Amino acid sequence: MEAEASAFETSEMVAIFLASTPLVRESWRLCEAASFSPMGIVIEQKGDVGYLAFSSIQTGQAIADPNWARLVPLEIAGDVVFGPLLSRRDGDVDTDCDGDRQPVMIHAGLLELFLSLFRSQNLQHQILSLKEQCNSIVITGHSLGGAIASLSTLWLLSHCHLQSVSYSPSVLCITFGSPLLGNESLSRAILRERWGGNFCHVVSKHDIMPRLLLAPSATVTPQMQLLLHHWHVSMGTTTTAPHFGSHQNVAAAQLGDPEKAEFFGLIMACLNNSSSEEALKNLLFWPFGNYLLCSQDGAICLDNAASVIKMMHLMFMTGSPNECIEDHLKYGEYVGRGSSQYLKRFVQMQPSESCYEAGLALALHSSGIPSQEPAVSSAKDCLTNARRVGRRMPEITCANLAVKLSKIVPFRAEIEWYKASCDESSDQMGYYDAFKRRGSSKKGNQVDMNRRKLAGFWDNVIDLWESNQLPYDFHKRAKWVNAFHSYKLIVEPLDIGEYYRKDMHIHNGHYLRNGRPRRFQISDRWWKERRKNEKDNDARTTLASATQDSCFWARLEEAMELLANLQSENEEVKKETWVNINKFNEYARRLVERKEVSKDVLAKNSSYTKWTKDLEKLSSPLVFPVTPFPEFPQMKF
C-alpha cells in the first residue's frame with residue numbers, strides 16, 4: 001500500500017493487488033472472529049500489517065430507531081471527526097441538476113453506531129495505537145460492521161489530514177456485504193480527497209444488504225429488525241444481540257418464504273426503477289470506492305459508481321428470494337474460491353481490441369450472469385462503459401495539461417510585465433494598489449482578464465486531480481507544484497485586490513476566512529507536502545521577486561480596518577485591537593527584514609507604507625510583541 005497517497009488509479013489495479021496478497025482472506029477470518037467476540041472488535045498484527053475487524057452484529061438504540069435509515073448532515077459529527085469531507089469552503093459544495101446545494105449526508109443510524117463506539121470504547125485510541133505499531137492498517141467488517149469499518153477509515157484519513165501526519169496514511173478498508181453509507185456528495189467528497197482507492201467493498205452476487213438502501217427507507221425500515229435477527233440467528237449469535245429480546249426463539253426468528261419473497265420483490269422493483277440515467281440522479285444513497293462483485297464464477301472490480309449500481313442490479317436479478325437472504329452469510333465461500341491466479345484472469349484487460357473483447361467476455365463470465373440471460377447484453381454495455389481507457393490515461397491527461405500550460409504562459413508573462421511596470425511607475429503605488437485602484441485602465445482590465453483565465457486553468461487542474469484523472473503522485477511532481485506555487489504568489493494579490501475593490505468584505509467578511517478560493521488553499525497543501533521531503537527547507541521560492549506570503553495584502557486589509565476603527569471603540573476593546581495591530585506590525589517587519597516582500601510593499605504610496613505612517617501618528621499603549629499575526633504560522637522560504 002502506498003504510504004502517502006493511494007496508488008490505485010484503476011479498479012483493475014485494486015483487484016490485482018488484492019489478488020496477490022492474503023488481505024481479503026485474512027480480513028474475512030477476522031470478521032468471523034469479531035462476530036463471536038464479546039467486545040465485537042478484533043485487533044491483530046501479522047508482520048507489519050495491523051488488522052482491525054468489526055462484528056456484523058451491532059446493538060444499541062440506533063438499530064431500534066424506526067427512522068434509522070434517514071440521511072443526516074455529516075457535519076453533526078463535528079469538524080474534528082470528518083473535517084476534510086465537510087463542504088464549507090468556496091467551491092466545495094456539490095449541486096444537483098437544478099443547481100441546489102447538496103451537503104454531505106450520511107446514514108443516521110450507522111453514524112450513530114460509529115459515534116457510540118468512537119466515544120464509549122475509546123475506538124480512536126485503538127486505531128491510533130495500531131497505526132503507531134504497524135506500517136499498514138487494514139480495517140474490515142461484515143454487514144453493519146463493514147459500515148463501521150468505513151466510517152473508522154474515513155475518521156483515520158481525516159485525522160491524519162488535519163494533523164498533517166501524512167497526506168494519506170497507509171490504510172485499506174475491506175468490507176463484506178456492507179450497506180451503502182451516504183449520498184452522492186459523500187462519494188464526491190471522498191473522490192475529491194483522493195481516498196477512493198483506500199476502500200474495497202466485497203459484494204456477493206445476490207446479497208440483499210448492499211442493495212437494501214437503494215429502496216426508500218420508509219419501505220425498508222419496518223422489516224429491518226426481522227432481517228437482522230434472521231442473520232444473527234443463522235450465525236448462531238443470538239446471545240450477543242440483546243436488543244432483539246431473549247424471549248424470541250430460533251424458529252420465530254427465521255424468515256419464511258413469503259417474507260423473503262417480499263424483500264426480493266421490493267428490492268427488484270427499486271433496482272428496476274433505478275436503471276435509467278435520470279433515476280440514478282434521484283437515489284438517496286450512492287456507492288464510493290472500489291466494488292469487488294463476486295459470484296461462484298469469479299469476480300469483477302469496478303470503481304464507477306453508476307456502473308456499480310447497474311451491475312449490482314443485473315447480478316441480483318438472476319437470483320431468487322431465498323438466495324438474496326442467504327447469500328449475505330456466504331462470503332467465506334466466495335473468499336475461499338477466489339485464488340490469486342483465478343481472480344487475475346478476470347480483472348486484467350489487454351490493450352488490443354481482440355484481447356479486450358476476450359477480457360470483456362471473461363469479465364461477463366466472472367459476473368455469474370449466464371450467457372442466455374436477458375441481462376447479459378445490458379451487463380456487457382455496462383462493463384464497456386465502465387472500462388477506463390487504461391492505466392496510461394492519467395499520464396496522457398497530464399501530458400495534455402502540460403500543452404495547455406504552455407499556452408497560458410503568455411497570460412502570466414503579461415501579469416509579470418504589468419507588475420514590473422507598476423513597481424517602476426512614477427505614481428509609486430506598486431503592483432497591488434495599482435490594480436486595486438485601476439479604474440477603467442485598459443492595461444489593468446487586460447490583466448484582470450488574464451487573471452480569470454489562469455484561475456480557470458488551475459480550477460480545471462484541481463477538478464481533474466480530485467476526480468482521479470491525473471497520476472496519483474501528480475501533486476508531488478516538482479514541475480506542477482512549482483508552477484502552481486508561482487502562480488499563487490503572482491496572482492493571489494490580484495484576487496485580494498479585486499475582493500476589496502468590490503467591497504466584498506463588507507457583505508461576505510474578510511478574504512482570509514470567507515473569500516479565499518480553494519485553488520490557493522490546495523496550492524498551500526501541495527507546497528507544504530513537497531517541502532517536507534526537501535533537504536533545504538530554507539530555500540527561497542523560484543519567484544523571488546514576489547512577496548513570499550501571498551496573503552500579505554489580505555492581512556494588511558484587516559490591519560487597516562483595525563486601525564480605522566480604533567477611535568470608535570471603548571477602552572477594553574481598544575486594548576485587544578492594539579494587540580492585533582502590533583502582532584501584524586511585527587509580522588510585517590519580519591518579512592521586510594528577511595527580504596521576503598516585493599518592491600510594491602515598500603513603495604512610497606503603497607497601502608502598507610500609508611498604514612505604517614498612520615500607525616506612527618498613534619501612541620500604542622503596548623510593547624510590540626514578536627509573535628505572528630493570528631492564524632498565520634511563521635513560514636520559511
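In which loop does Asp503 lie? Select Asp503 and look to both sides: it lies in the loop between H22 and helix H23 (504-508). Helices here are DSSP runs of H or I with at least four residues, strands are DSSP runs of E with at least two, and both are numbered from the N terminus.

Before going further, note that this is a predicted model, in which local features need pLDDT of at least 70 and side-chain atom pairs count only at pLDDT 80 or more, while totals for chains, interfaces and linings use all residues. Residues are numbered from 1 along each chain as its sequence is written, and side-chain values use heavy atoms, with hydrogens and water left out.

**The loop residues**

Stay on Asp503. Its phi is positive, near 55 degrees, and Asp503 is not a glycine. Most residues other than glycine have a negative phi. Asp503 counts as partly exposed because its relative accessibility is 35%; buried means under 20% relative accessible area, exposed means over 50%, and partly exposed is in between (1.4 Å probe, protein chains only).

Now select Gln428, in the loop between helix H19 (393-423) and helix H20 (431-436). Gln428 also is not a glycine, and its phi is positive, about 55 degrees. With a relative accessibility of 36%, Gln428 counts as partly exposed.

**Helix H22**

Select residues 478-501, which make up helix H22. H22 has 24 residues and spans 34 Å from its first C-alpha to its last, close to the 34 Å expected at 1.5 Å a residue. The expected span is 1.5 Å times one less than the number of residues. Of the 24 residues in H22, 20 are buried.

Where in H22 is the kink? Go to Val491: a kink of about 40 degrees lies there, shortly before the proline Pro493. The bend at a residue is the angle between axes fitted to the seven residues ending there and the seven starting there.

Next pick Gly497, also in H22. Gly497 counts as buried because its relative accessibility is 0%. Not counting residues up to four places away in sequence, Gly497 touches Tyr432 and Lys436; contact means heavy atoms within 4.5 Å.

**The cores**

Select Phe82, Phe114, Ile208 and Met311. Within the largest nonpolar core, which has 94 residues, these four touch the most other members. Helix H7 (residues 144-162) gives the most to this core, with 10 residues. A nonpolar core is a set of buried Ala, Val, Leu, Ile, Met, Phe, Trp, Tyr and Cys residues joined through side-chain atoms within 4.5 Å.

Centre the view on Phe114. Leaving aside neighbours within four places in sequence, its contacts are Val81, Phe82, Leu123, Ile148, Leu151, Ser152 and Trp155. A second, separate core has 57 residues, including Cys422, Ala483, Leu494 and Leu591.

**Helix H13**

Select residues 305-316, helix H13. Its 12 residues reach 16 Å from first C-alpha to last, close to the 16 Å expected at 1.5 Å a residue. H13 is mostly covered, with 11 of its 12 residues buried; among them are Ala305, Met311, His313 and Phe316.

Select residues 199-204, strand S9. Six of its six residues are buried, so S9 is largely enclosed by the rest of the structure. Which residues point one way from S9, and which the other? Phe199, His201 and Val203 point one way, whereas Cys200, Val202 and Ser204 point the other way. In a regular strand the side chains alternate between the two faces of the sheet.

Cys173 has Phe199 in S9 as its bridge partner. Two strands count as paired if DSSP finds at least two bridges between them.

Finally, select strand S1 (residues 41-46) and strand S2 (residues 49-54), which pair in the antiparallel sense over six bridges. Ile43 has Leu52 in S2 as its bridge partner. S1 and S2 form a hairpin with two residues between them, and Gly47 in the turn has a positive phi of about 65 degrees.

**Zooming out**

Show the whole chain again. The chain has 28 helices and 11 strands, and 55% of its 637 residues count as buried.
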